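User: I would like to go through some of the terms used for this structure. Please set each value against its definition.

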Amino acid sequence: MFATAPPAVRFLLVEVPGPWGRVGPTDSRLDRYASGRLADVAERAGVRVLLVRRPGRHSQPPEDSPRAWALVDTRPGREATRWGRWRHEHELLEVDLAPSGARDAAPDAPGPSRLALVCTQGRHDLCCAVRGRPVALAVAARATGWDVWECSHVGGDRFAANLLVLPRGEMFGGLDPDTAVATLRRYDAGRLDLEHSRGRAGRPLVEQAALHHVAVATGEDGLGALHVVRARGEDPRWTVDVAVAGRRYRVRLEARWSEPAWLTCSVGRPERARRLELVALQDLGAR
């Protein structure tokens with residue numbers, strides 16, 4: 001499941017309790033006109049909108065009750081979360097989505113900075129709900145220091161249950177309640193769970209794959225321990241140089257199609273998945 005984290009580098013989280021439709025923001029309990037405009041504005045700003053709700057039973061609160069929004073930047077060195085509150089959909093259109101943001105800017109409303117999001121959008125894919133909801137509940141109960149939310153579709157339904165850690169943007173898949181809690185505890189210790197790692201959101205897939213292969217080969221699972229020095233090539237073949245612990249490694253990758261398989265609970269027939277496979281990994285020595 002490596003090299004499958006989504007391309008978005010910034011996310012707008014919108015608290016919408018109760019059930020969600022299949023499409024997410026434009027197919028939920030939000031006003032259709034306002035949610036459609038929000039989707040357009042966010043797309044132009046390069047922001048991905050995710051609906052969020054607290055784990056557990058999804059009752060619908062009064063329409064004018066205050067709800068949270070959060071604008072999250074996952075760009076390396078600029079990781080930040082800005083919180084606000086909204087009551088009516090038109091207020092969401094007033095959120096400044098510009099990327100100038102600001103690790104230093106004062107937040108619109110106080111809020112936590114360590115977020116754990118678990119995809120549970122069952123109407124998009126039943127696997128996400130069946131596998132995701134127990135994980136969200138377990139993480140909320142057992143993972144200390146994390147603000148836990150269920151979220152709408154993040155991609156990679158076949159890897160449910162999926163966990164997105166913000167604001168860094170690391171993503172993990174194939175989790176159950178126990179492995180999800182263990183993954184976050186390992187993360188708290190400054191280490192990645194390579195077995196369940198899908199990569200970091202916003203990073204090019206080729207770089208995600210190269211970093212993963214070098215991490216596995218060297219056993220280096222420290223957060224931020226590996227760095228891409230250079231990436232070159234074009235579809236379907238690439239070469240990526242990766243630095244770690246004073247050494248440099250050269251990774252050669254090739255995009256290939258898998259054999260047909262049942263990729264998600266919702267597909268009607270077996271489908272192929274595109275994968276970045278390791279062709280060669282060379283130790284170039286000390287850099």
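User: What makes R186 and D221 a salt bridge?

Analyst: The closest N and O atoms of R186 and D221 are 3.4 Å apart. A salt bridge needs a side-chain nitrogen of Lys or Arg within 4 Å of a carboxyl oxygen of Asp or Glu, so the pair counts as one. This is a predicted model, in which local features need pLDDT of at least 70, side-chain atom pairs count only at pLDDT 80 or more, and totals for chains, interfaces and linings use all residues. Residues are numbered from 1 along each chain as its sequence is written, and side-chain values use heavy atoms, with hydrogens and water left out.

User: Why is D221 called buried?

Analyst: D221 has 14% relative accessibility. Buried means under 20% relative accessible area, exposed over 50%, and partly exposed in between (1.4 Å probe, protein chains only), so D221 is buried. R186, at 30%, counts as partly exposed.

User: What makes E277 and R256 a link between separate parts of the chain?

Analyst: Their side chains meet in a salt bridge at 3.0 Å, N to O. E277 lies in strand β13 and R256 in strand β12, so the pair ties together parts 21 residues apart in sequence. Strands here are DSSP runs (E, at least two residues), numbered from the N terminus. R237 and E254 join E277 and R256 in a network of salt bridges.

Methods: Helix = DSSP H or I, 4+ residues; strand = E, 2+ residues; numbered from the N terminus.
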